[in-house]
Amino acid sequence: MARTPVIAGNWKCHMRLDSAFELASGLRDRIDDVQDVEKIVCPPFLYLATVEVALTTSSIMVGAQDVHWEDDAAATGEVGPQMLEELVDYVIIGHSERRHRFGETDEMVNTKVQAALATGLQPIMCVGETLEERQAGHTEGVLLRQTRSGLNGSEFPDGFIIAYEPVWAIGTGMAATADDANGAIDLIRREIAAGFGQAKADTVRILYGGSVTGDNIAEFMSREGIDGALVGGASLKVDAFAKIVEEAARVRTGARGN
Ligand code: PGA
């Protein structure tokens, strides 16, 4: 089954109201017409409504960067899945900054994935090893554990999105090699096949994330198992993000011989 590639921009804790609107509008002008790639931007919660306005009727979709697992709850500072679902279609869950800076556990990630799916949001579930885990030879074990526990008990739809983001590659300018990323992604897909069947696993979009730029995206997209990218730093400028989207579309369209 052909998997539609995904390029998602994670704006993290950047932008102000005016620059968020400008970035979204600039992207709309530049990449609205690019086909064959699912394009997603994930602004901070506070700017979701503004970005939605800038992208009304555009082909660029909007996602949030996190979600709480319940609505109508005593959960100060959190945003629930039903609230998000009124505004956006996607949500990043279990980003390494949430796991390692804010103490999110595998169980919390799983609870969030289940709550998002139950509400009709499409999770972008992140997994990835730290440098210490990699150096200790634990990469495989970490990826298998995070994948298995993240999806535990879920009935996820075809086309579910996972991002493999080695923590040491995020924001460092030191991207993984395409071969390494492809190997990790193969492992993740095999684990999903073991739990949910090969046919289901073949529908899952598995992205690479970590220092992706317009200059290295083609290399990642040339690997059959890599279905796109989750982009941080390079998603904050129109030109940089547009180049990634355009390159991804070019490589995939070329690969199909069109
Ligand atoms: P980066 O971030 O592209 O700046 O490395 C990726 C991410 O955190 O999703």
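Modeller: Happy to! One term to begin with: a residue is called buried when its relative accessible area is under 20%. Keep in mind, too, that this is a predicted model.

Colleague: Thanks! So is Val 67 buried or exposed?

Modeller: Val 67 has a relative accessible area of 1%, and the cut-off is under 20%, so it counts as buried.

Colleague: And where does Val 67 sit in the chain?

Modeller: Look in the loop between β3 (61-64) and α3 (81-85).

Colleague: What is Val 67 in contact with, leaving aside its neighbours within four places in sequence?

Modeller: Val 79, Gly 80, Pro 81, Leu 84, Val 91, Ile 93 and Lys 112. By contrast, take Arg 205, 138 residues apart from Val 67 along the chain: the two C-alpha atoms are separated by 20 Å.

Colleague: Is Lys 112 buried or exposed?

Modeller: Buried, because its relative accessibility is 3%. Leaving aside neighbours within four places in sequence, Lys 112 is in contact with Asp 66, Val 67, Trp 69, Ile 93 and Glu 104.

Colleague: Let's follow Asp 66 then. What does its side chain make a polar contact with?

Modeller: With the side chain of Arg 98, at 3.4 Å. Asp 66 is found in the loop between β3 and α3, and at 8% relative accessibility it counts as buried. Not counting residues up to four places away in sequence, Asp 66 touches several residues, among them Phe 45, Leu 84 and Glu 104.

Colleague: New topic: the ligand! Which residues come nearest to it?

Modeller: There are 13 residues around the ligand, and Lys 12, His 95, Glu 165, Gly 171 and Ser 211 come nearest. The shell divides into 4 nonpolar, 7 polar and 2 charged residues.

Colleague: How many Å is it from an oxygen atom of the ligand to the side chain of Lys 12?

Modeller: An N or O atom in the side chain of Lys 12 is 2.7 Å from a ligand oxygen atom. For Ser 211, a backbone N or O atom lies 2.7 Å from an oxygen atom of the ligand. With Gly 233, a polar backbone atom is 2.8 Å from a ligand oxygen.

Colleague: And how much of the ligand does the protein bury?

Modeller: The ligand taken alone exposes 280 Å², and the protein buries 95% of that.

Colleague: Last stop, α7. What should its 13 residues span?

Modeller: Helix α7 covers residues 139-151, and at 1.5 Å a residue it should span 18 Å. Its end C-alpha atoms are 18 Å apart, so that agrees.

Colleague: What do the buried residues of α7 pack against?

Modeller: They pack against α4 (96-101), α5 (106-119), β5 (122-127), α6 (131-135), β6 (161-164) and α8 (178-196). The buried residues of α7 include Val 142, Leu 143, Leu 144 and Gln 146.

Colleague: And what follows α7?

Modeller: Gly 153 follows, with a positive phi near 75 degrees. Ser 154 lies in the loop between α7 and β6, and its relative accessible area of 7% makes Ser 154 buried. Not counting residues up to four places away in sequence, Ser 154 touches Asn 110, Val 113, Gln 114, Leu 117 and Phe 196.

Conventions. Residues numbered from 1 in each chain as written. Predicted model: local features only at pLDDT ≥ 70, side-chain atom pairs only at ≥ 80, totals over all residues. Heavy atoms only, no water. Near = heavy atom within 4 Å. Polar contact = N/O pair within 3.5 Å; in protein donor to acceptor, adjacent residues only side chain to side chain. Areas by Shrake-Rupley, 256 points an atom, 1.4 Å probe, with all protein chains shown as cover. Nonpolar A, V, L, I, M, F, W, Y, C, P; charged D, E, K, R; others polar. Helix = DSSP H or I, 4+ residues; strand = E, 2+ residues; numbered from the N terminus. Expected span 1.5 Å × (residues − 1). Buried < 20%, exposed > 50% of the residue type's maximum accessible area, 1.4 Å probe, protein only. Contact = heavy atoms within 4.5 Å.
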